[in-house]
Amino acid sequence: MMMGLLAFESNQGLWNSGYYSQLFGIGGVMVTVAILWLSTGYFGGIGAPFAPYFWPYLAQLPKKKERKRPVRVYMDGCFDLMHYGHANALRQAKLLGDQLVVGVVSDEEIVANKGPPVLSMEERLTLVSGLKWVDEVIPNAPYEITEEFMNTLFNKYNIDYIIHGDDPCLLPDGTDAYALAKKVGRYKQIKRTEGVSSTDIVGRILLTFKQKEAGSMEATTDANVAVNQNTGADTYDKVKSQLSNFLPTSRRIMQFSNGQAPLPGARVVYIDGAFDLFHAGHVEILRIARQLGDFLLVGVHDDQAIRDRRGYRPIMHLHERTLSVLACRYVDEVIIGAPWEVSRDMITTFNISLVVHGTVTEGSSVVGIDPYAVPKSMGIFQTITSPKPITTVSVATRIIDNHEAYKKRNLKKKASEDRYYTQKKFVSGD
Ligand SMILES: *[C@@H]1O[C@H](CO)[C@@H](O)[C@H](O)[C@H]1NC(C)=O
């Protein structure tokens, strides 16, 4: 089913490098994704946004017996350091059509326009393809949406609408990058997610980690941030709260959720972790875990639990990490603030059949306590080989290794981010 959903009609050639089989060849089946889209198919057929307040208008339109071809929408991005803001943008884009095609900007184009990307093309493709709202991916999309590329989208990829956020996107000559699409009535806008950006996350990483010696990285505890900056014990929180404007709402969590309980007789698989700086390694391990059963329950540890074990706070806080995990197509349900130790009570409550854990982990500063002692004693514990060696720390390290380059890039971007926030007005949509 997933093969069908993600099948490439005209750009198979782009997948010659093996991404296709690598990403989807094992056939992680997620029926829920397909079911979700069936429910929007009818409305999508006439190109209207699927929102309850459009229903009265729809009722007045003549009903067509013949179902039109699905509405295909396109959105692009660099998706470097992908976060739930990207996920939310793609979720909103998906609501404007039936099939969402996502262009992922090439490494070369990112280097030329913004400086070196933190994540490789392959990692960025894994992350984007792992989102439950994404149907197709176009690798190596151009950074600037040229007239030529726009025509390719319309004619080769059968794109009906190009989607972009409410922040302006200007070409180097100062003109609107989407002018052409707007002129031909094939542009739609979505509301930008409040309070998160890659720039903000890079800032948090630089704040949390400091490079002590070349090649090695050490977590900065709250105490030595205070000492280094000599400004008091709560500096860290103050700085961090300035960086993060994210206001989590229960509505957003609902929008990201599948809202489905396991079907009767389902085999529930449980995996837990911090899932900080959600990366391609997370997507891969979740995909494998999902294949071991019918329902994947993910435990996301709270900020304090992580700090107690690892000696530093996660870069993304609990609700942000929850959204990133929920956005992954392999995930069925999340326990927000899961206990560190898997208890017998939990196993009973959620009817967990199997508890899994990857071989690549961040490590814990607390030794002696095995959080998986209970599932091990019950014979329902399994270690799975992590397919990728990436960790949160390794992603953070890449950023710190290029600290100066990122700092420059960050300052530049920060200025435009700040401008966006000061000039920001209310935009409808969610
Ligand atoms: C609990 O999980 C097992 C699979 O391990 C399944 O056979 C059983 O039906 C489930 N119980 C319920 C009540 O769904």
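**Legends to close-up views of a predicted model**

View 1. The chain has 20 helices and twelve strands, taken as DSSP runs (H or I of at least four residues, E of at least two) and numbered from the N terminus. Residues are numbered from 1 along each chain as its sequence is written. Local features need pLDDT of at least 70 and side-chain atom pairs count only at pLDDT 80 or more, while totals for chains, interfaces and linings use all residues.

**View 2. The open sheet of five strands.** The strand order is S10-S9-S8-S11-S12, with parallel pairing; strands pair if DSSP finds at least two bridges between them. S10 (333-338) and S12 (381-384) each have a single partner strand, so one side of each edge strand is left without a neighbour in the sheet. Neighbouring strands are turned by 25° against each other on average, direction ignored, with axes fitted to C-alpha atoms.

**View 3. Strands S8 and S9.** S8 (residues 268-273) pairs with S9 (residues 295-301) in the parallel sense over six bridges. Val269 stands opposite Leu296 in S9.

**View 4. Helix H16 on the sheet.** H16 (residues 318-326) lies across S9 and S10 and runs at about 160° to S10; angles run from 0 to 180 degrees between N-to-C directions, and a helix axis is fitted over the stretch in contact (C-beta atoms, placed from the backbone, within 7 Å).

Note on methods. Contact = placed C-beta atoms within 7 Å.
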